Every structure is written in C-alpha cells, then in structure tokens.
Amino acid sequence: MFDVIVRNGLVVDGSGEAAFKGDVAVKDGLIAAVGTVSGPARREIDAGGRVIAPGFIDPHTHFDVQLLWDGAARPALEHGVTCIVPGNCSLSLAPLKAADRSKVVGMFQQIEEMPPEAFTQAFEWSWEDFAGYRDAIARKLSINVAPLVGHSVIRLWVMGEAAQQRTATADEIAAMQDVLRECLDAGAVGLSTSFVDLDEHGRPVPSRFADFAELDALSAVLGEFGRMLQCVPEFYDVDITIARIDQLSELSLKHGIPTTFSPVFDNTSTPDNAPRILARVEEQFARGARVWPQMQTRPIDISFSLLRPSLFFARLPRWVRVLRQPLEARLTSLTDPETVAKMVEDLGPDGGRKMMGGLIVRGGDAAPAEFVGRTLGEIAAERCQVPAQALIDMSLEHGLDVAFLAADMGHENTDRIGPMLAHPLVHIGASDGGAHIASFSTYGDTGYLFSEFVRKSGLLGLEQAVRKITAETADIWGLKGRGRLTPGHAADIVIFDPETIDRADERPVFDMPGEGMRYVRDARGIDTVLVNGEVAYTAGAYTDARSGVVCT
Amino acid sequence: MSAEAVIAGAEIAAGHDGSAELVLRLRYPGGAEGVVVLEAEKGLELMAACGAAHLDELAGHSWRKLLEGACST
C-alpha cells in the first residue's frame, strides 16, 4: 500500500531526460516508484494534463526571520518551491549571543525591510547557537530548509564590537573556524559572505572587515565538510566582480569546495558585463574550479515616489531641480502652477504619455485602492490630464506617498537572458525571497521561468528548465536525495499545468507582524505541492501538513 | 586629450534593489573607458556636485566630481 500515487501526469523527473506519461508513487516520505504504478494507495491524485516534477529549490533567500512564524515561507511554497536556502549575504540568525541581537536585527531590517514587530512580537528568542535556531524553525516547517550560516554573525560571535572595526587576529580566526565547524555539524549547508552589504547605520557588515587569510581559513573548514561558500561580490563593478570570481576559484580549487555568487544581471547600459562574467566563469571551470554565478529569471523594475528624489527623472531638468529640494520647499514648488506647468513642459508635447503613461500605481502606501495596479496613462485619461500632471496631482493629493513602478527596466531582454539561463554553468537563483519585502516582490521567479522562457520564447525546454531548478541545484549544493523523481529520493513533488504556470501581478499585502506591508505575487498554474510525501498545498490552499525538514 | 579621467556619458539603469541607478562611463587618459555604477543617492549627489539638471550635463566633468559627491554626505 502506497501513501500517495500521482497518476497520469507528464513525468519530468529532474534529470533533463525526455518527459514521459506515467505515475509517481510515494511511501514513507520517499519516492517509491516511477512509471506505470499498480497497486493501491491511501490517496490518489489525478495529474492528467499536468506535469509531475521534483519540487523546485530556491538557493538564495532571506526567510530566516519569517520561518519562525511561517513554516511555509509563504508564498514560496505555493509557487512549487519545496526547499529554500536562507542565511545568504553573510547574515543568519545564528550563532547569535543575546547581547548582539539588536545589531543583527538592524542588519536584517536593512536587507529584509521587516517591520520592528517581526523581531519583538512574532517569536521568542530561544537560542544562541546554530543548533538552537535549527530546532526553533524545525518545529513548524511545511517547506524544507537548507540553511547557510552567515560570516558576519560568526565574526560578531567571536569578536564582538571589533567585528565591524578591524581584521581578525590568528586566535580569532581559529575561534571562527571552531564556530563554523559547530554550525556545519548542526546542519548548516555552507557559509555566506558579503563584500557589499551595509547595516542600518550605513556601515559595512562585519564580513567586509575580513582579510583573505580569514576567508581562506573558513574555506578550509568548508573543505572538511565539502560545503558551499556563497558570496556577494562588488556587483556594481564588473572588474572587481571578475577579481572576486578569481578569488573564489582559488578557494574552490585549494579547498575542494563549491562556491556561488550573485547577483548577475544584464542591463542595456552595461551589455558587456554579464558576458564578461560568464566568460571568466567558463575559464575557471575549465581549471577545475566550481564558481557558480546565480542569475535571476525576473526582470528588474524601478519604483519611486515623489517623497524622495529618484534618478528616474534624471533626464527632466525641472523635475530634478524641484525634487531634490527639501520636503517643504518641494511641496511649495509642486503646488505652484507656474512651476508645475514648466515641469510638464519637460515631458514634451505628449505630456509624458510615452515616458510615464505605462507607470503602474503600486499600492501599499497612501494610494487609493481603486488606483492600485492600474497604469498612470489610464488614470490620467479618466482625469482628463496628461500623465505628468496626473502624477504630480495624485502625489499631492496623498501626501506624496504614492509609489509608481516602471516595469521591466533591467534584465528584461528575453532574447539575451534566455540563453544565459540555459548556459550549463549558470545557476538559476538569486530570487532574494523574503528580502526587500516593502520594495518589490521576490516570489514567483520559477513561474516566470516557465511562462517567459519555456512557453513564450522557447529558449529553454521544459525538461531543461525543470532540471535547472531541481536536480542541478541539488547537485550544486550537495543536497543529498533531493531534486529528482527517483526511487529513494525525498518525495518533494510539484504538479503544475505547463500551459498556465506563471507568476501573478505584484500586489501589496499586510501580513507581516504589526500589520507590516510587503509585496507578493500569487502562483498561477500550480495544482499541488508535496513536501516529503505530504500534500502541503493543493487547490489554491495551504494544508496543515508540517512535513518540512532542515535538510542537508 | 584630458590629463585625467573625465565623465564621458551617463545612463540610468535599474538597480538590484529596485531603484534607478546611475551608470557612468569614464574615459581615462589614453582613451580607455570604464563603467562605474552609482546608487540613487550618490548619483543625485554627483549631479548636484556637477550642477547638472540633466544626465547629459555630466559629460565632460572630471572624475573628481565623484569624490565631491561622495564627500557631501
């Protein structure tokens, strides 16, 4: 007797091999059979017309805090993601001494944009060491978690205040090695570090004070376990990024470890950057190094309001002059008819239809609900105004707290991005799930992979796309028994409609502690998600299953 | 030819964090060019330091204006 049989689906098993029509049977949380399965099961799921695939693995998230009250990392799970990697960018919630909590909370708030209540009301701090954090999240997991430990918090644990002041002594480096070893023993799947991130005071996070000897020593410990080094290089400068690729490659070769870095994205203003990065990655792989560039699938949007000056207006001289004034003077200018008329003139004879008409009102702020999700062009037409005038008036009517979104302003050229995502050395990831929550949605990148790059453009095949975010990810990270529909592997399964899988439009929700706002995207085309053999999401709703584990 | 690097041009790009960023093209003595990306705040400070109200007005300014912008915070 099987526990579950998923029948009559198109089996895409994660290996990249051709799909076939068949069944997948589950017993005791594991895949028990794949093919034509006979015999009874306690539960049968009809997957006719649907794909049966391994659950997706998201290798770059910041769900560390959210997991303490939401074991499904919503909405990640409903997008078919059955395993997430939190603890990226040098920051994790353990190991962390009680006295240092406020420092790390500030760093997390800088990255995640979580409201303060998330750290004071939503959970009880019950741990200091990594095993304690692991146990704290493990109680209620619906999704699998493969956590990284952050270099910054290890540094803080060993060096205290000095972690953000200087390089470490030999004794301190040895102590950090011991702490890292303890974390890896407790289930960490690697170490994350950053050369970019800042704390809430604008100071570099602790990992940025490390010298190469420290990173080398910590990588030696990773080598003892064969575990991952994740890194945020200085991505704003391609030459420094390439130097970091070389540095990561040396560590990979010396210690026998996989390394990965992100973000890597492609913009029309810097068209040579991503190709140069990939060329260097190819050279280093040819030497035997493992240095995986993570590339996101989704385009990058620009958002802004008139509350703060934005470079979005950098080609509009009068807007630049007005918006860089202090708030009071800015409001005075924006209520002066003569000034506003000249600002509108900046847009030319169409009054901003071309530049601003496609802007989307985002919501989650003071914008009236009836405007949210609509284009400025539509709203302006209703108001019998040109878009530039409507943007100013709407902003003034709501204390300037109306956010606008210019969609697909970067990493948006499908014909360029698709072949890069298909590249055998490009690791699809970098979703940043759970981060930047009040700025934009970091969910649904997997749906977008299928809708844009498989279904719409055909730049990746279905089997290829599934492999990139399942078996390939599991192999890169050394996640044993995950990522494939193979007997004996964990029964992490997603059943989806290949004709409709997608991400929905971005929308604001107020489901963070303290009614904090974040932007999310709902899933489209996902029927059912099983985690370790139990149905965790089906027919548009989460179940009570708590079958997720901290996996290694 | 200038004896030091100058700003050769500027573009707006979408930044990783969802804000508009300034992509500066610098031309070095000898003719080589490189790109520097500034986050929104630094980009606006640079425009102010150069007295520029339009991206195109950044061209021709010395790279040292980058330092003035950075020092103004």
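Which residue in β12(A) is the bridge partner of L229(A)? That's T259(A), and it makes a handy way into the sheet. A few notes from going through this predicted model:

1. **The strand pair.** The L229(A)–T259(A) bridge belongs to the pairing of β11 (residues 228-232) with β12 (residues 259-264), both in chain A. The two strands run in the parallel sense, and three bridges link them.

2. **The whole sheet.** Zooming out, β11 and β12 sit in an open sheet of six strands in chain A, ordered β9-β10-β11-β12-β13-β17. The pairing is parallel. At the edges you'll find β9 (149-150) and β17 (427-428) of chain A; each has a single partner strand, so one side of each has no neighbour in the sheet.

3. **A helix on the sheet.** Helix α7 of chain A, residues 238-255, packs on this sheet and touches β11, β12 and β13 (291-295). If you care about orientation, the directions of α7 and β12(A) make an angle of about 160 degrees.

4. **Domains.** Chain A is assigned two domains: domain 1 comes in pieces (56-299 + 411-477 + 484-537), while domain 2 covers 302-408. Their centres, taken over C-alpha atoms, are 35 Å apart.

5. **Where the domains meet.** On the domain 1 side of chain A, eight residues are in contact with five residues of domain 2. Strands β19 (502-512) and β20 (516-524) of chain A each supply at least two residues of that domain 1 side. Sorted by class, the domain 1 side has five nonpolar, one polar and two charged residues.

6. **Where the chains meet.** Between the chains, 28 residues of chain A are in contact with 23 residues of chain B. On the chain A side, β14 (300-304), α9 (317-323) and β16 (404-410) each supply at least two residues. The largest share is that of β14(A), with five residues.

7. **Overall build.** Chain A has 18 helices and 23 strands. Its radius of gyration is 24 Å, close to the 24 Å from the globule rule for 552 residues, so chain A is as compact as a globular protein of that length. The C-alpha trace spans about 75 × 60 × 50 Å along its principal axes.

8. **Burial and contacts.** Of the 552 residues in chain A, 55% count as buried. Take the contacts in chain A between residues at least 6 apart in sequence: 75% of them join residues at least 24 apart.

Note on methods: Residues numbered from 1 in each chain as written. Chains lettered and ligands numbered in written order. Predicted model: local features only at pLDDT ≥ 70, side-chain atom pairs only at ≥ 80, totals over all residues. Pairing = 2+ DSSP bridges. Helix = DSSP H or I, 4+ residues; strand = E, 2+ residues; numbered from the N terminus. Contact = placed C-beta atoms within 7 Å. Axes fitted to C-alpha atoms, helices over the stretch in contact; angles between N-to-C directions. Domains from an automatic or database assignment. Nonpolar A, V, L, I, M, F, W, Y, C, P; charged D, E, K, R; others polar. Rg over C-alpha atoms; globule rule 2.2 N^0.38 Å. Buried ≥ 20, exposed ≤ 12 C-beta atoms within 10 Å, placed from the backbone.
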